[in-house]
Amino acid sequence: MTTTTTGLPADDHEDRTPPAVPPSPTGGSRTPTAPGTPAASRTSDAFEQDLLPTPKGASRSLLRALLAPRSRRVGVAAAVLLVQQAAVQASPLLVAYAIDRGVPALRADDYGPLIAVAVVAGLCAAVSGALQFAFIQVAARVSQDVLLDLRGRIFRHAQTLSLDFHERYTSGRLISRATTDVESLRELLDEGLQELITVILSAVYITVTLIWLDWGFGAAAVVSAGPLYVLIRSYQRRSQRLYSTKSTAIAAVIVKFGETLNGIRPVQAFRRERPNDAAFAGLNRHHERVNGDTILEMARYVVSSRLVANTAVAAIVLWGAYRVASGGLALGVLAASVLYLRRLYDPIDRLGMFLNSYQAAAASLEKIAGLLAQRPTVPEPAEPVALPAVAAARPGREVAFHGVRFAYRTGGEVLPRFDLTLAAGTTVAVVGATGAGKSTIAKLLARFYDPTEGRVLLDGVDLRELSTAELRRGVVMVTQEAFLFSGTVAENIAIGRPDATREEIERAARAIGAHDFITGLPDGYDTDVRKRGGRISAGQRQLVGFARALLADPAVLILDEATSSLDIPGERAVQRAMTTVLRGRTAVVIAHRLSTVEIADRVLVMSGGRIVEDGPPAELITARGRFADLHQAWRESVG
Ligand SMILES: Nc1ncnc2c1ncn2[C@@H]1O[C@H](COP(=O)(O)OP(=O)(O)OP(=O)(O)O)[C@@H](O)[C@H]1O
């Protein structure tokens, strides 16, 4: 059994192996693959290759959605930068004025123009410094808000996506999206974006000023932009591909890391450390290689762009010197023009760096947008229907499977078409060999999946018509390994009903028989389960899980009985608790023990996805079929 209503981390319940992927050495199912590695070519699932279908324009609309609520601040930042750049770009003009007017005036003992130049230059420096400070502050607020919002969106969205998604995507990839991909966006917003706007603004200012100063120089600057533009575009195209691969490669490293640590027990038990090291080293190397490629691409760009820029400056200086010598151009104008040209070409290296972070961020944004564009495969109904009130005389609700067929997305049909009705208030034990389809039926009833065909009904209402809140109130699934969240024991029990009082929590724990062990913990009900998790045994965890379910008081309870045996007193305590929690509701128990089957009103025997025997346990024993054999084997095993 694999699922839980209590939020087992995605990798924890990955015990299924998609047919095309070999089993992972860690005991989890998915071998993370990096593009270009042999394993990647063996899998056909896009999820495996970290390629979620991303609708066209999804990245852009995500960026718009993130920036729209902050549009005023973005506007202020842009205006501040506009004025700041005007102040910065004034200085070469002042140099031209100083050379062409100030120096001749000084020769005539007129200090006025040079003093004016000094005052204006001082003012410009002060204004540009102050505005730079203001810009950094406003821009940082915008970027922090955007990142906060984005991380929240990823987390909230991940929680809404169906189990089907998590089983295929893996938690490692999700973590990679919320950390490394968000981080590369941060780099763009904090460092790159200011750089880009500054470069664009200064290019516009400089070109206009150059044209105003001297037509010829202005035209030369515009013409030299042609080859630079071609260089930038080709760099952009090549690095876009590289950055997407890089984001996938680092996600694969994180997936492998997470998978190994999640399965550290089987890893150590089966001595998988070495093969794991080798697999990890392969992924790590792949990431390193892709990273190296991006740096190389950047180096190529920087060298060629400098070559173009320096050639342009040299040509213009030669031409300008010739014109000054022949009296066609003032020396100050040449000096200012050369200063402007340097300023125009200097940021081109930095533009490459910006394009780098832009590409990384664009690739990351695309992956995040692809994730956010995923829709739950078990969607909320547009117009939810309420369940009828539970009849006091007959607790629990009737469960019916009508013409249900089911296939997982990554495999063939698991449950061929079947009909099944479970009367309200009955306890139904489901038995059968491993892989028979017991968990799948339970998952359909808990609506972790929707049937491929047919309907699952709760008191006559299709599960697809129930709101998630109504469904979770009505149907609760308790898994073998009761998952404990960080927090106290009381908080863990209260997950069943968050508004429960301490008395209600303790009453549930008492009814289950968990009160004594809980009060024996160092801080009783307030013991932090994570800090002292070691003290809570497997059996005690199950009791906490039962108390949680009892408090939730659902009309239908699905219980996956643990296969691992506890010691005899622990076993008895769990069995007693189970009887308490099953009472007064419809219960479906995936049974692995004789004692559980004996308390059931009805037993379903499954084989190859079909219900092959169905009836009260006593009848099935006398019928001498599969259940009778199983029953006999159980009896012999308990002596
Ligand atoms: N997420 C999944 N994706 C693809 N196939 C799956 C998935 N989960 C289960 N299966 C397949 O569906 C079939 C039924 O599995 P299911 O988990 O329902 O069996 P089970 O009777 O509960 O087994 P067990 O007692 O071992 O838990 C198996 O062949 C299994 O490989």
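**Ligand shell, helix packing and annotated spans**

In this predicted model, the ligand is surrounded by 15 residues, and the closest are Tyr408, Thr434, Lys438, Ser439 and Thr440. Helix α13, residues 438–445, gives the most to this shell, with 3 residues. Sorted by class, the shell around the ligand has 8 polar, 4 nonpolar and 3 charged residues.

A second feature is a pair of packed helices. Two packed helices are described by the distance between their axes and the angle between those axes. For helix α10 (residues 273–325) and helix α12 (residues 347–372), the axes come within 9 Å and cross at roughly 155 degrees. Angles over 145 degrees count as roughly antiparallel, and α10 and α12 are therefore roughly antiparallel to each other. Their crossing is right-handed. On the α10 side, the contact is made by Met298, Tyr301, Val302, Ser305, Arg306 and Ala309; on the α12 side, by Ile348, Asp349, Gly352 and Asn356. By class, this contact of α10 with α12 has 5 nonpolar, 3 polar and 2 charged residues.

The annotation can be set beside the model. An unreviewed UniProt entry lists residues 111–135, 219–236 and 328–345 under "transmembrane region". What is the secondary structure of the chain over residues 111–135? That span is 96% helix and 0% strand in the model, and its end C-alpha atoms are 36 Å apart. Residues 219–236 are 100% helix and 0% strand, with 26 Å between the end C-alpha atoms.

Terms used. Residues are numbered from 1 along each chain as its sequence is written. This is a predicted model: local features need pLDDT of at least 70, side-chain atom pairs count only at pLDDT 80 or more; totals for chains, interfaces and linings use all residues. Axes are lines fitted to C-alpha atoms, for helices over the stretch in contact, and angles run from 0 to 180 degrees between N-to-C directions. Helices (H or I, at least four residues) and strands (E, at least two) are DSSP runs, numbered from the N terminus. Angles under 35 degrees count as roughly parallel, over 145 as roughly antiparallel, 65 to 115 as roughly perpendicular and the rest as oblique. A crossing is left-handed if the near helix is turned anticlockwise from the far one by less than a right angle, and right-handed if clockwise. Two residues are in contact if their C-beta atoms, placed from the backbone, lie within 7 Å. Ala, Val, Leu, Ile, Met, Phe, Trp, Tyr, Cys and Pro count as nonpolar, Asp, Glu, Lys and Arg as charged, and the others, Gly among them, as polar. A residue is near a molecule or strand if its C-beta atom, placed from the backbone, lies within 6 Å of it. UniProt positions are given in the numbering used here, feature names are shortened, and annotations may be inferred rather than shown by experiment.
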